[in-house]
Amino acid sequence: MNRFALAISAAIARVTESAHGPYQTAVIRIGFTATWLLFLLREFPHRHEMYGPAGPWDFDLAQQLIGTNGSFTALIWSSSGFWFESVYVFAVLTSVLLLLGWRTRTMSVLFMVGVLSLQNRSIFMGDGGDNVLHLMCVYLVFTRCGRVWSLDERRARRQNAARARGERIAPDRVGPVLWGVSGFALVAATTAGRLDGDLTVPVILWIMWPAMAVWWIVGRRARTAQPRILLDVIGNIVHNGALLVIMAEACLIYATAGWYKIQGTRWQDGTAVYYPLHLDYFSPWPALADLLSSSGTMVMLITYGTVLVQVAFPFTLFNRRVKNVLLTAMITEHAVIAVVLGLPFFSLAMIAADAVFLPTTFLRRLGGWTAHARGRLSRLVRRGEDRTELPGPRTPENPEHAHVGFTA
Amino acid sequence: MDAYDAGSAARHGPAEQPHPPVPRPAPPADAPRSAEAPLIAEAPPEPEPRTGVAALSLRYQIGAALALAVVAIAVCVHVGMVFLHVAPPNTVTKQHGGAIDDWIYPEFEQNWKLFAPNPLQQNIAVQVRAEIDTADGGTRTTGWYDLSAQDGRAIDGNLLPSHTQQNELRRAWDFFVATHDADNRPVGLRGALSETYLRHIVQLRLDRENAAGEDGVVARVQVRSRTTNVPQPEWSDEELSDKPTYRVLPWWSIPADETAEAAR
């Protein structure tokens, strides 16, 4: 056996034996759902104007455009106000539940349905931030993003503890009900011809729904461990593939943003950053913008720095230390953009995407702080405190995960 | 399968194995339980000695290999397609543009030319005026309402600008410009859609301003854009005109069913 074959088999072992980046996928799950949730709450007073059947982009216009591109949106199924409100509430609820990691896989599918339904209904309402969420909500469906920092993980931990004590565990009722209800909706929508447009979303829905059933049946009924391990392996493969796509997508975003800037004369002469700061639509704090742009040298440094960081980032993934430095720079820049250019949700979505590259040690520490803060808070509130209930990063870490995020 | 063979061979030690053993991932016994664990809750509780392909019999290994192949191909194709979609027009996109578009549109469409290649260097204000049919049978024309200036004021000092303030009118105007020729004639279905969309937005805004008054009805609207260069930075020695340029669209009549709706 030669070295090449060994390398191949090592790689195969790597992508099949575990779902990499449990903390990274959990943090992007929380990041994207939180962004979408806050956005929906922020726009709640404007929801009719943005996505409603009688808004400026009214039902008829949306129907004509979707007739040409076939994109997926449940909002085009009915022009009734009640349906619209229901879908909006559905989008809010699914983002909360996916954020908490309750029935993560099912919720990730429903979250995708919510995001796409609203965004595809009014495509001229969004900006880059919506675009990031649009893509990531699809990719998230294929990840095992609830393995840490989730209610699912807590439930699994409690059941394991109960089983270790020899207690009998009541069979799961919620899962099958959830599966049945969503399956009924899927079959109804399909037979009513509501999924006759573009194939992407219907295919995802029709793969995930039977897959969940197979998973459930095999987990309970299989006589040997083999089928279960096979499903676990497939789950890992799909997860790792999706994680790779998410990382590649983030790199493509930065590469595109950077390389196109290099071609622009304003990015070359070092004045580019001055201009957005003086556009009426992107200058909530004119005084701050004036201050930032008072020095030509300063503007040039920021302009060149922005291009440098964006172009360089994908290449720094090969070096952990440099990657972390650039990651810090980018997250900081996005935080600044959130305020200075008045783009909070775009920035939040970008920071969530950046988070997939955060080191595991940092994320675990972050989880520890959060659990600690939560513990203090609940002591303050003087509720009966049970230490075992703290959702922290308690799960024993597979050392394999420690260098995920640096190598991708 | 390879992984299994290599893995087991490696453990036989250096005597049979000329190369260093494959570094194997840590034993999975302490790996995080999967999120779906509750679904397999009633399975025999004894710890599994191994997971991954190495623990599978040949039949199941073929299944795993198949899944790996499918996912690997899907990932490569998808990333490749997205790359070609965001890349500048090139030899490959010219030959296979149709296939790339079929893969990307509508759900994976994306554009990351953020403030690139050059940031916008002009403030484009969309303004509207209306012709009002008054209750006494006459007509009057309102002054110009600067809707973008209203948006700008709404954004000032705002930590959380709404898409209705920041994107709605701005992007509707971009959409209009992109789907109309220099004589403001619509190009294709999207041109027609963009006209109706823009008209709906200005109607909504005029309504909020109560432009028609108590008894009046908005009969026609006219939209124009006012483009001004962002003033040059102090340190710059470039000379730029500070005179605005206008693009004035023809008057649009409000369809009878919509005026009736507004009057109700």
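Helices (H or I, at least four residues) and strands (E, at least two) are taken here as DSSP runs, numbered from the N terminus. The model is predicted, and local features need pLDDT of at least 70, side-chain atom pairs count only at pLDDT 80 or more, while totals for chains, interfaces and linings use all residues. Residues are numbered from 1 along each chain as its sequence is written, and chains are lettered from A and ligands numbered from 1 in the order in which they are written.

Chain B has two cis peptide bonds to look at in one loop. Pro117(B) sits in the loop between α3 and β1 of chain B, and the bond that joins Ala116(B) to Pro117(B) is cis, with omega about -5°. Pro106(B) is also found between α3 (91-104) and β1 (122-133) of chain B. Its bond to Tyr105(B) is cis, with omega about -5°.

Next comes the contact between the chains, where two residues are in contact if their C-beta atoms, placed from the backbone, lie within 7 Å. Chain B brings 94 residues to the contact and chain A brings 109 residues. On the side of chain B that touches chain A, at least two residues each come from α1 (2-11), α2 (58-86), α4 (147-155), α5 (163-166), α6 (168-178) and α7 (188-208) of chain B. The most come from α2(B), which gives 13 residues. By residue type, this side of chain B divides into 56 nonpolar, 24 polar and 14 charged residues. Here Ala, Val, Leu, Ile, Met, Phe, Trp, Tyr, Cys and Pro count as nonpolar, Asp, Glu, Lys and Arg as charged, and the others, Gly among them, as polar.

In chain A, a UniProt record (unreviewed entry) lists residues 17-362 as "domain: HTTM-like". UniProt positions follow the numbering used here, feature names are shortened, and annotations may be inferred rather than shown by experiment. The span 17-362 of chain A is 71% helix and 0% strand, and its end C-alpha atoms lie 24 Å apart.

Two loop residues of chain A have a positive phi without being glycine. Arg103(A), with phi near 50°, lies between α5 (81-100) and α6 (104-121) of chain A. Arg103(A) is buried because 25 other C-beta atoms lie within 10 Å; the cut-off for buried is 20 or more other C-beta atoms within 10 Å of the residue's own, with C-beta atoms placed from the backbone. Trp149(A), with phi of about 55°, lies in the loop between α7 (128-140) and α8 (151-164) of chain A. Trp149(A) has 28 C-beta neighbours inside 10 Å and therefore counts as buried.

Technical notes
Buried ≥ 20, exposed ≤ 12 C-beta atoms within 10 Å, placed from the backbone.
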